[in-house]
Amino acid sequence: MIYFDNASSTKTDDLVIEEMVEFAKNYYAIPSSIFSHTLGITVADKIEEARSYIGTYLGGKSNEIIFTASGTEANNLAIKGFAYANRKKGNHLITSTIEHISVLESFKRLKEEGFEITYVPVDNTGKIDLDFLREAIRDSTILVSIQLANQEVGTLQDIKKIADIVKEKGKILHVDASIAVPYVKVDLSQTPIDLLTISPHKFYGPKGIGILYKREDVKLSKLIDGGYNEFNLRGGHENTWAIIGTRKAFEVFKDTDVERIKQLKHYLIERIESDIPDVTLNGNRLDSLPHIVNFTFKFIEGESISLRLDFEGIAVTTGSACYSKNLQASHVLLAMGKTHEDAHGSIRFSLSKYNTKEEIDFTIEKLKEIVSDLRRISPLLGGA
Amino acid sequence: MPIPYTKVVIEHFKNPHNVGVIEDADVKVTEGSPACGDMITLYLKIDPKTNRVVDVKFQSYGCASNIATASIITDLVKGKTLEEAKKITWKDAAEALGGLPSIKVHCSVLAADALHSAVELYYEKNGLLKEKTPTTLEKVFERLSHVINPETGIDIVKSKLIDSISIDNGSITIILNLNENSQFSENIKEEIKERLQYLWDISEVKIIFNN
C-alpha cells in the first residue's frame with residue numbers, strides 16, 4: 001500500500017516498537033510503586049529518564065513534561081485545565097478559526113460554561129491575522145491558543161511573533177504543535193511558549209500517548225481525577241511502554257529524513273500542477289510543513305477521488321464532509337475563504353520518511369485517470 | 001471492516017451506467033448543491049406516443065453513493081412509462097444496490113428526487129397533469145429552493161437571493177437581490193424559468209434584477 005495519510009498517523013518506527021516490546025516484557029511494574037519494590041523504582045527511573053530527555057530536547061525541564069493519553073487530551077488539559085485554574089483572573093480566551101477539533105471543542109465547552117471566546121481569522125493561505133490578535137487581547141484575556149502548523153493544509157504560523165504579541169500583553173500562550181514538532185524545531189528556552197501539545201504517533205512514535213509541555217509556573221486544574229500521577233495533574237497510571245517508545249521516536253527522528261520528505265513534497269506539488277489541469281494548492285506555498293500537501297481538484301468531489309485512489313492501493317484523506325455525519329466541508333478550508341465546492345474537492349497528501357519518488361509517480365498516473373473519469377461525469381463542467 | 005459499500009455500489013461507482021448529456025433531451029433537471037457536496041443533472045428522452053423513457057443520462061458531482069444511486073436509477077427507469085418512473089424511490093435504488101450505509105442517505109436521495117422532478121416537469125411541459133391545482137407562492141418557493149446559486153453553492157431561497165415574488169393573472173414576477181451583471185445572473189434566470197414556465201396556469205415568468 002502507498003500510504004499518504006501520515007498527518008493522521010504514521011507507521012511506527014521498528015526501533016520504537018522493539019524498544020517498547022523489550023520494555024513491556026521486562027518492566028511491567030507501574031512507576032507509582034516506588035515505595036513498594038525495586039521493579040517499580042526501576043520503571044520510575046526509566047520514565048524519569050525519558051521525561052528528562054524529552055524536556056531537554058524541547059529546551060525545557062524534566063518537571064515541565066506531562067504525559068497524557070493523546071494530543072487531544074493534552075489540548076483539553078492545556079485549555080480547560082488553564083481556564084478552570086485561572087478563572088478568577090479573567091474570563092476571556094482567544095484561539096483561531098482553523099485549530100484542530102480538540103481545541104475548538106474545548107473552547108466550545110468553555111463558552112457553554114460562561115467564558116468569552118474570540119476567534120482570530122486567517123488569510124486565504126491559512127496565516128492568522130496578527131493585527132487582529134493584538135487588538136483582541138484585553139485585560140480580561142487569560143489565554144491565547146494558536147497552533148504551530150495546520151493539520152490539513154500545513155501552513156506554519158509565525159509562532160515567534162505570536163509569542164511576542166502575547167507576552168507584550170503579559171498573557172499565557174498555548175501552542176498546539178501536534179502536527180508540527182519535531183518536523184519544526186521548537187526551542188522553549190528561546191521562545192516564550194507556556195503550554196505546548198505534542199503527539200508522538202505523528203512522527204513514528206506510539207499511539208495512545210500525548211505530551212503537554214507546561215512551563216513550571218503555569219497553574220492548571222486536573223481534568224481526570226484519580227491518583228497523584230503526573231505532578232498531580234492527571235490521574236491514571238502512565239502508559240509506560242508508550243513513554244519509552246516516545247523517547248525512542250525523538251531519538252531516531254532525523255533532520256535528513258525531513259529534507260528528503262521536503263524534496264518529495266515539492267516533487268508531488270510540481271507533478272500535480274504540471275500533469276493535472278484545474279487544480280489549486282491549498283495553504284501557504286512557502287511557509288508550510290515539509291510533509292503536507294493539500295490540493296483542490298476542481299469540479300469533482302473529494303470522497304470519490306479518495307475512494308478511487310484507495311482501489312489503487314493509495315491512502316489519502318479528503319476535506320469533504322462526505323466522510324462525516326455533518327454536511328459541512330472542512331472548517332479549515334472554509335475559514336481560509338475557499339468555496340464549498342473547493343473544500344469538497346480537496347485531497348490531503350501527507351508524506352513520511354517511508355514514502356518514495358516511485359510512489360508519487362504511480363500516484364500521479366492513477367490520479368490523472370481518476371480526475372479525468374470523474375470530471376467526465378461532472379455537471380459542473382456543463383457536460384464537457 | 002470492509003469499505004461500507006456493497007460490491008454492486010462499488011461496481012456502479014467505478015463504471016457508472018448512462019453517464020453523459022442528451023443534447024435534445026425532453027426534460028433536464030438538476031438537483032442538489034455543491035455546498036452539500038452532491039449534485040445530479042438528469043436528462044430524459046421520452047417517446048410521446050407511449051410516454052416511455054427511451055433514453056436517460058446523468059451527470060454527477062458527488063461521492064460514491066451518489067454516483068452509484070444515479071447509475072442504478074437510470075438503469076431502473078429505462079423503458080419504463082412515466083407513471084412507473086414516478087414510483088421509483090430511493091429505497092428501490094438502495095435495494096437494487098444491495099443496501100447503502102444509513103449516513104449516506106443524504107447523498108443518495110438526489111437521484112430519486114431528480115427523477116421525480118423530471119417527470120413532473122415533463123407532465124407540465126406537455127399538458128399531461130391530471131390534477132391542476134392553482135400555483136401558489138408556496139409552490140413557487142418550493143420550486144426555487146431547487147435552484148442553486150453557484151456563488152454560494154446554496155439554493156437561492158436559503159441564500160436570500162429572492163427579494164419578492166408575486167403571482168398575478170398567470171404571470172409570476174420575481175425580484176432578485178442580484179446584479180444583472182453578475183457572472184451567474186443568466187444561469188440563475190434560465191433555471192428559474194425552466195422550473196416555473198411550464199406550470200399549467202402560468203403564461204409568463206418575469207425576473208427582475210435588483211441591481
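In chain A, α9 (255–275), β9 (279–282) and β10 (292–297) each contribute at least two residues to the lining of the largest cavity; helices (H or I, at least four residues) and strands (E, at least two) are DSSP runs numbered from the N terminus. The model is predicted, so that local features need pLDDT of at least 70 and side-chain atom pairs count only at pLDDT 80 or more, whereas totals for chains, interfaces and linings use all residues. Residues are numbered from 1 along each chain as its sequence is written, chains are lettered from A in the order in which they are written, and side-chain values use heavy atoms, without hydrogens and water.

With three residues, β10(A) gives the most to this lining. The lining residues of the largest cavity comprise five nonpolar, four polar and two charged, among them A:Lys265, A:Arg285 and A:Ile292. Nonpolar denotes Ala, Val, Leu, Ile, Met, Phe, Trp, Tyr, Cys and Pro, charged denotes Asp, Glu, Lys and Arg, and polar denotes the others, Gly among them. A cavity is a set of points on a 1 Å grid over the protein atoms alone where a 1.4 Å probe fits but cannot get out, and lining residues have an atom within 4 Å of a point.

In chain B, an open sheet of three strands shows the order β6-β7-β8, with mixed pairing; strands pair if DSSP finds at least two bridges between them. Because β6 (162–168) and β8 (204–209) of chain B stand at the edges with a single partner strand each, one side of each lacks a neighbour in the sheet. Strands β6(B) and β7(B) (residues 171–176) pair in the antiparallel sense over six bridges, and B:Ile167 has B:Ile172 in β7(B) as its bridge partner.

Conventions:
On a 1 Å grid over the protein atoms alone, a cavity is a set of points where a 1.4 Å probe fits but cannot get out, and a pocket is an open set with protein on both sides within 12 Å along at least five of seven lines; lining residues have an atom within 4 Å of a point.
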